[in-house]
Amino acid sequence: MKIFHAMGLTLLFLLATLSSSGAAEADLRAIIAKFATAADFSETGAIVLELTATGDPAVERSLAALADGNLYIRAADSMVFVGKEGSDSIQLFDPISGEAAGEASADDLTQIGVNNTLRRTVRDALGTLTLGSKDPTVRIAAADTMFKTPDAANIGPLDAAIAGESVASVKALLEQARAASILVSDKPEADKLAAIALIGARGDRNAVSLLTSVEANASGAVKEAATAAIASINSTLAFWDAGQNIWYGISLGSVLLLAAIGLAITFGVMGVINMAHGEMVMLGAYTTFVVQQVIRTSYPGLFDWSLVIALPLAFLVAALVGLVIERGVIRFLYGRPLETLLATWGVSLILQQAVRSIFGPTNQEVGNPSWMSGSFNVGQLAVTWNRLWILVFALTVFGVLLYVMKRTPWGLQMRAVTANRRMAASMGIRTPWVDALTFALGSGIAGIAGVALSQIDNVSPNLGRGYIIDSFMVVVFGGVGNLWGTLVGAFSLGIVNKVLEPYAGAVLGKIVVLVLIILFIQKRPRGLFALKGRAVEA
Amino acid sequence: MRGSFSTITKMFSASVVAAGLLMSAPARAAEDTIKVGILHSLSGTMAISETTLKDAMLMLIEQQNAKGGLLGKKLEAVVVDPASNWPLFAEKARELISKDKVAAVFGCWTSVSRKSVLPVFSELDNILFYPVQYEGEESERNVFYTGAAPNQQAIPAVDYLMSKDGGSVKRWVLEGTDYVYPRTTNKILEAYLKSKGVPAEDIMTNYTPFGFSDWQTEVSAIKKFGSAGKKTAVVSTVNGDANVPFYKELGNQGIKAEDIPVMAFSVGEEELAGLDTKPLVGHLAAWNYFESVNTPENKKFIADWHKFIKNNKRTTNDPMEAHYIGFNMWVKAVEKAGTTDPDKVIDAMIGVSVPNLTGGYATMMPNHHITKPVLIGEIQANGQFQTVSKTPGLVMGDEWSDYLPDSKDLISDWRAPLSCGNFNVKTGKCGGKGTN
């Protein structure tokens, strides 16, 4: 976004210096000065239209600033400036040339108010003006805007832009925008039919939106063609919708997997009903918050790395707390599940309240690094970056954990203690230490899950509450004591949930899933992948 | 077995002690004080919103004491923690009234907590000041509603969206958390929209559970609903914690306020504090107060708040203003009645008028609701709201919605001789039932 903005500004600067002659500039200044006297949003809107009507690219600086809420009036002389907020004053820039014009305190300036309608007006206006931009992303944005707001007057500028366009993908978008404008013009029917075919080929929701309004206003062959195009797009979209639901399910599954995977160790492998598991996740999220706070105040350049830095720290914090809980409480309660449940519940309350008194009860802001913001399209499927990274992360954690359990001496000891504690002890394994470290590992993994979950959920003392039931559900459903069971369990619950949701709604969908799990557990009490062997029977 | 049991008891008492320590223990002070009960959750899911109100009340009481107290006595706050647990609200309310003998109670946030304490207040005849916007369809003798009724928030918000300034919205998504406030509000809004000629297929209603965090399906459904060639807006009654993931998903899926604005009734400065608001600029909220409102009263209130809470970043919000109004009204009514006896204060309350923080006056009406201005604000990059529309005058709280068939004939007037909260003007009898 920032880069985009900076590029836009440099470009504006170039255009402004190249094309605006002295006389035209004086006219623009006269119009811009009127902003100071506009009484309400509609008057401001009228001035925006007047500025665009000049067709001079030099107006872009002031318009862009207006839309971003950065256009100010200086109280002393009613001059209009582009402002940039500094730490305690506002730096001023000339609205046309962009030259620095000193600074002023916020009290001496009045910000020109904008609302959504005004922002739309500006965006539409900038659409036409930025068609000739050198930056393809700006041209794509312009084409997109013009597609959404078709206007017969756009055809001319679009024709010129298409003729000069060298990038094929941008050209296609420009042609679609032109087609959209043709549909609202009084061009002959043949042109309109061709335009509908072109838009129909685009095949996304915006195309449906446009064609629906065309269908409502047209008659005869155009109306029929529009109806047919809408039907064909909708049938393709229905296919994409199904794909989308599956993807959402996978994404929910990855969140469930992350939340449950630590529990798969503490509950699944060790048999400890750990109600404080969710709080370990919360501790991880708060560690991320603290890391980001430190980065914000001391090393702002490192912000994109904050999550990477937070990962080991969150693991250590949660593992340490887990270790203390195991040594302090749980080791006295092995083999007494009910009491463990109550004790860990108490621990979870203590942890929540401790966090609440240290950080306060309100949500804390954990920012998304730039590589985790926004989305990209696969066909008609919008994939958000944060969900994709969380999926990758969940699978990586799973892989590493599997490796530790199956391929390292420590994992071997863990499994030995689980399978037959007394025999393991006879072989010289220090079972109490293995217990403690296993619990710490499970807690630490919950901590790093917290780092990921801080990106999509609230960072508040209640964070853990929302995940504890789901985590137990996943582990029990997948089969206690089996990591693969947790993986399959998480993804199948996620997908079933998300496939049901569009039809049943979120509330009913969740209920249906719970009922299904209850029925399933009746049939297979040990879950999907039941452990076999002596340990189970013992 | 016994040994382990004592361990558990220890664990539990430890957590109880921890929770107890965090509550600011009321100063067991001099004999002759007037006690004021504060019934807000300090732990559990609602702590995020309610703790702030507890602090605001403590500040208001401290200020009143600095001014010399009330009727020559000092005020004393009695704080209890109902822990976001609805039945516990009733227990704690009983404790406040019977054991601590408070003169009035300021508290509750969710409608279900209010409904849970209603019988206690009418049985023990005490006063509750309820500071949060709610669904209406209620008017109790012992409750003063200082938050907005639907006609002071929801209806003007929808009117704004339908206006030219608001984007002439034609298609509506009513998105809410699944409990009484969103369901009743959406029922009223649906009836209202239909009365304005919006066809049923242009209204989509959807509910999600409390604390919902995976909004992918809902947001893409909104996107889909919004692509029908008509200007679409979302009216959100999503509550509390679920808002942050909702807005994050909106931002990530690229829904911009210029295309599909979201008008929220439960998102204030406090909720935005946990969010990066840059992708949300332009989304809307309807309240009766914004921290950004530029009046001398509000500037003083914010400065006092920052000083009291010792943190310059803490925000103020609409329910805090409601407590500010409610508390000042109570003080004035007690002075007028010359006693803190709830019966006399309830009668003295009607007609009491105090300044609000947005440069006007709030007056207590005979239906126990107050007059308020309605402000529509757009979210700014700094986490504050910029007022884009304000009702020209004050709006009177209408407890029984005119748009619901069950309640349109009901009125409330707690003055003698009517003294009825649900008088049916058609049948001429007291005791009508609304929707709920």
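Predicted model: local features only at pLDDT ≥ 70, side-chain atom pairs only at ≥ 80, totals over all residues.
**Entry 1. Overall form of chain A**

I began with the secondary structure of chain A and counted 21 helices and seven strands. I then looked up the radius of gyration, which is 30 Å for chain A; the globule rule gives 24 Å for 538 residues, so chain A is more spread out than a compact globule. The C-alpha trace of chain A spans about 95 × 60 × 40 Å along its principal axes. I noted that 48% of the 538 residues in chain A are buried. Among contacts in chain A with a separation of 6 or more, 69% join residues 24 or more positions apart.

**Entry 2. Domains of chain A**

The domain assignment divides chain A into domain 1 (2-121), domain 2 (131-218) and domain 3 (241-537). I looked up the C-alpha centres of domain 1 and domain 3 of chain A, and they lie 50 Å apart.

I checked the length of helix 8 (residues 168-183) of chain A. Its 16 residues should span 22 Å at 1.5 Å a residue, and the end C-alpha atoms are 23 Å apart, which agrees. I listed the buried residues of helix 8 of chain A, including Leu173(A), Leu174(A), Gln176(A), Arg178(A), Ile182(A) and Leu183(A). The cover over the buried residues of this helix includes helix 6, helix 7 (155-164), helix 9 (189-202) and helix 10 of chain A.

In helix 6 (residues 136-148) of chain A I picked out Ala142(A). Is Ala142(A) buried or exposed? I recorded Ala142(A) as buried because it has 26 C-beta neighbours inside 10 Å, against a threshold of 20 or more. Leaving aside neighbours within four places in sequence, I found Ala142(A) in contact with Gly127(A), Thr130(A), Leu131(A) and Ser133(A). The C-alpha atoms of Ala142(A) and Ala125(A), 17 residues apart along the chain, are separated by 9.5 Å.

**Entry 3. Where chain A meets chain B**

I found 61 residues of chain A in contact with 56 residues of chain B. The elements of chain A that each supply at least two residues to this side are helix 5 (116-129), helix 10 (205-217), helix 11 (220-269), helix 14 (337-359), strand 7 (381-384) and helix 20 (483-523). Helix 14 of chain A gives the most, with ten residues. By class, I noted 21 nonpolar, 28 polar and twelve charged residues on the side of chain A that touches chain B.

**Entry 4. Domains of chain B**

The assignment for chain B gives domain 1 (26-149 + 297-371) and domain 2 (151-292 + 375-396). Their centres, taken over C-alpha atoms, are 28 Å apart. The contact takes 23 residues from domain 1 of chain B and 23 residues from domain 2 of chain B. On the domain 1 side, helix 2 (47-66), helix 4 (111-124) and helix 11 of chain B give two or more residues. Helix 2 of chain B gives the most to that side, with three residues. I sorted the residues of the domain 1 side into eight nonpolar, eleven polar and four charged.

**Entry 5. Nonpolar cores**

The largest nonpolar core has 123 residues, and Met263(B) is one of those that touch the most other members. Helix 11 (residues 318-337) of chain B gives the most to this core, with ten residues. Both domain 1 and domain 2 of chain B contribute at least three residues to this core. I looked up contacts of Met263(B) beyond four places in sequence; among them are Ala157(B), Leu161(B), Val235(B) and Leu284(B). Apart from this core lies another, of 86 residues, which includes Ile325(A), Ala449(A), Leu453(A) and Leu463(A).

Notes: Residues numbered from 1 in each chain as written. Chains lettered and ligands numbered in written order. Helix = DSSP H or I, 4+ residues; strand = E, 2+ residues; numbered from the N terminus. Rg over C-alpha atoms; globule rule 2.2 N^0.38 Å. Buried ≥ 20, exposed ≤ 12 C-beta atoms within 10 Å, placed from the backbone. Contact = placed C-beta atoms within 7 Å. Nonpolar A, V, L, I, M, F, W, Y, C, P; charged D, E, K, R; others polar. Domains from an automatic or database assignment. Core = buried A, V, L, I, M, F, W, Y, C linked by C-beta atoms within 7 Å. Expected span 1.5 Å × (residues − 1).
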